[in-house]
Each structure stands twice: as structure tokens, then as C-alpha cells.
Amino acid sequence: MGETNNKNSNSTGETPPPPPSSTTTTPTFRGGTWKLPEGIEDHIESGLIKSAIGGVVGGIVGVALFRSGGSRAASVAAGVGVAVGSTVERAMFELPKQQQQL
């Protein structure tokens, strides 16, 4: 009977941490800054558009020229591959020009 039932203290006498608040906080990143190269958004957009066009054209060529599904899929993959290669080549060609302007 001599004991008190105190919810805010534990057996070691330390006070427990406060209960979590109802508000949430967003952690902030305080490391170094990292940025994409200037103008890369244009290359990404161009690559997506060219890949879609290459896939459609490759699919049409595959349907028109080939009878089996494997050949049609290869035609689509070739169209997408040409589009991605073209995008990478143009991005690599323009990268030195942009670095010289800085």
C-alpha cells in the first residue's frame, strides 16, 4: 500500500520519453547537393517519345513482314533499341558543348 502507481516514472526513476505527437515531420536531407546535368530533361523526353515511336513502327513492320510472334517482338525491340541509341548519341554529342559554355 505504500507504493504509488505513477505512470510517468519507471523502476529506475527515469522519466519516459514523451508520447509521439500527432503531427508528422518530414526528414530533411542535409548531405551534399547532387544535380542532374543541365538540359537532361530534354534528352529524357526525347528518348521516351522516340522509344514509343520506335516500338510502334517496329510493331507495324513486324505485323506486316513476319508471321511468328518472336520475330514481331524482335522487330519491336529493334525499333526501341534504335530510338534509345539515337537519344544516347545525341546526348553525348551535346554534353561537351554544354560543358564548354560553363
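Serine 75 sits in helix H2, which covers residues 69-101 (helices, H or I, are DSSP runs of at least four residues, strands, E, of at least two, numbered from the N terminus). The model here is a predicted one, where local features need pLDDT of at least 70 and side-chain atom pairs count only at pLDDT 80 or more, while totals for chains, interfaces and linings use all residues. Residues are numbered from 1 along each chain as its sequence is written, and side-chain values use heavy atoms, with hydrogens and water left out.

With a relative accessible area of 13%, serine 75 counts as buried (under 20%; exposed is over 50%, partly exposed in between, with a 1.4 Å probe and protein chains only). Leaving aside residues up to four places away in sequence, serine 75 touches Gly58, Val61, Gly62 and Phe66; a contact here means heavy atoms within 4.5 Å.

Now for aspartate 42, which is found in helix H1. Its relative accessible area is 52%, so aspartate 42 counts as exposed.

Of its 102 residues, 14% count as buried. Looking at contacts between residues at least 6 apart in sequence, 56% join residues at least 24 apart. The chain exposes about 9,000 Å², and carbon and sulfur atoms supply 61% of that; these areas come from the Shrake-Rupley method with a 1.4 Å probe, and for residues only the protein chains shown count as cover.
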